[in-house]
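Visitor: I have a protein model open and would like to learn how to read it. Can you take me through it one feature at a time?

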Amino acid sequence: MNSEYEVVIGLEVHVQLTTATKIFCGCSTAFGNAPNAQTCPVCLGLPGALPVLNRQVVENAIRTGLATDCRIAPRSIFARKNYFYPDLPKGYQISQFELPICEHGHLDIPLDDGTSKRIGITRIHMEEDAGKLQHGETPATADSSFVDLNRACTPLLEIVSEPDMRSADEAITYLKKLHQMVKALQVCDGNMEQGSFRCDANVSIRPWGQAELGTRAELKNINSFRFIKQAIEYEVERQADVLESGGKVIQETRLFDSTSGTTRSMRGKEEAHDYRYFPDPDLVPLVIDADWIERVRDALPELPEAKRARFVRDYGIPAYDAGVLTQNHEVSSYFDTTVAAGADPKQASNWIMGEVQRRLNDAGSEISAAPVDPAMLAGMLKRIADKTISGKIAKTVFDEMWKSGTDADTIIEAKGLKQVTDSGAIEAIINDVIANNAPQVADYRAGKEQLLGFFVGQVMKASKGKANPAAVNDMLKKKLQE
Amino acid sequence: MKISREQVVQVAKLARLELDNDELDALTGQMDAILAYVDKLNELDTDGIIPTSHAVPVENAFRPDAPVPSLGTEKALSNAPAAADGCFKVPKVIE
Ligand SMILES: [Zn+2]
């Protein structure tokens, strides 16, 4: 990256809310239905239809605002953002302009050096999504586009940051944290492929030490963390090249092309950036009193940061483990439930971050779909703790649980995997091993004590791994000294 | 003048209105008169008065987050000038 310039990034994130119905009508927000099946006069923009605000959208906006330390506006209004596009049937989008519901918040992000940085949140406002456009590709449809309005009027929160980020990595850290947060708040499902969490990035550069911001380019609608990083990095290089060659960066919207990893200008659609916002007379002002805010605050779920602190404090697991486990809401609940079911926290953490996560990665699936649920994992960990099985046999048990979905006790019983703690049985095996390895026994007794490991190995092998290793160790030492 | 001819041209463009020269002249005059009339309000002393966004003193009209039946594809498209495959068909727009 060119180091002569300071990079300045602000992000606008569109978060699709998990409500059952649209923001201004009772049509379902379910994904994947037949085109235009989920439409009504309101979301089709038919004359005379009256939009009425979904109360749950307000609840979700307040939640998100509180979680980012925003001021919740006691009074906010909706506005019409006017422009023409075929996916926008009314000719305006209902959004908020002056008086948005949340303002002046922030999100603290962790930096690589262990410190944290505060990213300002300018505002969060509610708005409706547009419909979906598909462009004809066959010769017969080449001159047409096709409009599906199922998505029209779906509730969105737009979360606008201050231009506080100074690298693509900071931007990604902020986005990942915000992504985790809206999922933990249960206001958004976080599905980036389906467009539930999408990002526009405002990127500019300026010579180090210059106070005023450079001219920015707006990178539109990028739907993966990797692409956002690529798009920002490409854009920084591009702007540096423009300045180096004596040119000027122009303010414009640019589209990221994921196949080439580059951005290109979207001139044309841009020319009239004049939305002529005005208060929407169809929607009455929204008044939120302190009681309402406090009710929402009381019902806020535990956020990743608080959860991380609790895992360290209450469960005594390392901060590193707590950090990994709380990156994902489902994983942290899985861990919580496993511990609640009686598992040792550090053991649970090791197994979840290790075996469980590895198998999920291999299968490309989510923890919610894991064939071993928290109760099953806890059941197995308890058998390690009470020495019914060794840690080594546990791998076999876990394998079998994963394959069959059967609980640990049933598997241990059916496969005869119970650890042998009966000293008589272990003693018999040890006697055999000593009898069959006379030269090694002689060497050991002559002072080659590192051979102990060899004997332990032989005994464990003869017991098919079921002997208790600690008991074997003790007894072997005694026997070999005789 | 409260509004210029160029501003009227710009507003017409944003509203997708095609106006000929005579119409532009007439509308510029009319809009100028309207704005002058509205400007009279500036003569009032509005210190300490909260700006009004709505004419009626109503707030917080909500609906619960409960689905109601939609129109369905067929009805939704019944007035469309052109439709295909369950979608409204429009002249191609290129991004
Ligand atoms: Zn609808």
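Guide: Start with strand E8 (residues 116-128) of chain A: ten of its 13 residues are buried, so the strand is largely enclosed by the rest of the structure. Buried means under 20% relative accessible area, exposed over 50%, partly exposed in between (1.4 Å probe, protein chains only). Strands (E, at least two residues) and helices (H or I, at least four) are DSSP runs, numbered from the N terminus. This is a predicted model, where local features need pLDDT of at least 70, side-chain atom pairs count only at pLDDT 80 or more, and totals for chains, interfaces and linings use all residues. Residues are numbered from 1 along each chain as its sequence is written, chains are lettered from A and ligands numbered from 1 in the order in which they are written, and side-chain values use heavy atoms, with hydrogens and water left out.

Visitor: Which strands pair with E8(A)?

Guide: Two strands pair if DSSP finds at least two bridges between them. Strand E7 (residues 102-110) of chain A runs antiparallel to E8(A), joined by eight bridges. There, Leu107(A) has Ile119(A) as its bridge partner. Strand E11 (residues 155-161) of chain A is also antiparallel to E8(A), over seven bridges. Here Met126(A) stands opposite Leu157(A).

Visitor: What lies between E7(A) and E8(A)?

Guide: Five residues separate the strands of this hairpin, and Gly114(A) takes a positive phi near 95°.

Visitor: Which residues hold the zinc ion?

Guide: Look for donors: N, O and S atoms within 2.8 Å of the metal (3.2 Å for Na, K and Ca); water is not among the atoms, so sites may look incomplete. Cys25(A), Cys27(A), Cys40(A) and Cys43(A) each give an SG atom, at 2.3 to 2.4 Å. Cys25(A) lies in the loop between strand E1 (5-16) and helix H1 (41-44) of chain A, and Cys43(A) in H1, so the pair ties together parts 18 residues apart in sequence. Cys25(A) is buried, at 4% relative accessible area. Cys43(A) is buried too, at 3%.

Visitor: Where do the buried residues of helix H15 (residues 452-462) of chain A sit?

Guide: An α-helix has 3.6 residues a turn, so residues three or four places apart point the same way. In H15(A), Leu452(A), Phe455(A), Val456(A), Val459(A) and Met460(A) are buried. Seen down the axis, they fall within an arc of 135° (taken from the directions from the helix axis to the C-beta atoms), so they line one face of the helix. Just after H15(A), Lys464(A) takes a positive phi of about 55°.
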